[in-house]
Amino acid sequence: MPLERSKLGNWLLICLILLAAGWGMWQGQRLMRGDFSAIQARYRIDTWVAGSAKWTVPEWVQARDDLLAAAEIMPDNPLTFDYLGILNTLRGQRGWNEPSLRKGYFGEAMGYQQTSLRLRPQNGAAWSNLALSFYALGDHAGAAASLEQALKYGPYELGVKKLSADLVLAMWPDMPPSLQQWLQALYRTSQPWERQVLEKLAKNYGHPDVLK
């Protein structure tokens, strides 16, 4: 009897090892499939955001479909949802002057951004992108709250600082003192050329004297 129990235990151990190995292989293949589906889309979106290439509607649709396929394979990957948010933001910015287009695409972007932040809440860039969506939808309070989080988690990220400065100036009268003071401090500590950029933005938004 002790020998039989020993054999049974060995068989159970072997089964557990095989199950663990099979699960590991499946996970690895799943990650590879998801990454392969998204890699070209992410590259294209990066070039569009950087301004080194312009997107066409068919290219936009292909990137969206590839990212959605990746999200289906890896629903727990926040990066995929970040890029889906950025992709819809690009479309919303192009249709900014058409309220229905702006609200439709930024509303879609917001959903993906919120999903990303549920998976990775300490992502400053995602918070600043969410702030842009709130601004596009006319919710300045939501934008301000998101900017507070963006500057909490990504205070030194260049993209976070640039977008936050732009949005704070765009919504200046509605911004809480903490964000106004943050921007004024940023202006004081910036290089001369950066101050010129901020001054130009402030003037364009109709607040030429708020930084000084």
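Which residues lie nearest the centre of the largest pocket? In this predicted model, they are Leu 158, Gly 159, Val 160, Lys 162 and Leu 163.

**View 1. Lining of the largest pocket, to which helix 7 gives the most residues.** The largest pocket holds about 1200 Å³ of space and is lined by 43 residues. Of the lining residues, 25 are nonpolar, ten are polar and eight are charged. Helix 7 (158-170) contributes ten residues to this lining. At least two lining residues each also come from helix 1 (2-50), helix 3 (78-94), helix 5 (124-136), helix 8 (177-189) and helix 9 (192-204).

**View 2. Helix 6 (residues 140-153) and the cap at its N-terminal end.** The 14 residues of helix 6 reach 20 Å from the first C-alpha to the last, close to the 20 Å expected at 1.5 Å a residue. Asp 139 caps the N-terminal end, with a side-chain oxygen 3.3 Å from the backbone nitrogen of Ala 141. Gly 142, Ala 143, Ala 144, Ser 146, Leu 147, Ala 150 and Leu 151 are buried in helix 6. Helix 5, helix 7 and helix 8 are the elements against which the buried residues of helix 6 pack.

**View 3. Helix 4 (residues 99-119) and its packing partners.** The end C-alpha atoms of helix 4 are 30 Å apart, in agreement with the 30 Å that its 21 residues should span at 1.5 Å a residue. Buried positions in helix 4 are Arg 102, Phe 106, Ala 109, Met 110, Tyr 112, Gln 113, Thr 115, Ser 116 and Leu 117. The buried residues of helix 4 pack against helix 2 (57-73), helix 3 and helix 5.

Note on methods. Residues are numbered from 1 along each chain as its sequence is written. This is a predicted model: local features need pLDDT of at least 70, side-chain atom pairs count only at pLDDT 80 or more; totals for chains, interfaces and linings use all residues. Side-chain values use heavy atoms; hydrogens and water are left out. On a 1 Å grid over the protein atoms alone, a cavity is a set of points where a 1.4 Å probe fits but cannot get out, and a pocket is an open set with protein on both sides within 12 Å along at least five of seven lines; lining residues have an atom within 4 Å of a point. Grid points are joined across faces, edges and corners, and a volume is the space filled by probe spheres set on the points. Helices (H or I, at least four residues) and strands (E, at least two) are DSSP runs, numbered from the N terminus. Ala, Val, Leu, Ile, Met, Phe, Trp, Tyr, Cys and Pro count as nonpolar, Asp, Glu, Lys and Arg as charged, and the others, Gly among them, as polar. The expected span of a helix is 1.5 Å times one less than its number of residues. Buried means under 20% relative accessible area, exposed over 50%, partly exposed in between (1.4 Å probe, protein chains only). Contact means heavy atoms within 4.5 Å. A polar contact is a pair of N or O atoms within 3.5 Å; within protein, one must be able to donate a hydrogen and the other to accept it, and residues adjacent in sequence count only if both atoms are side-chain atoms.
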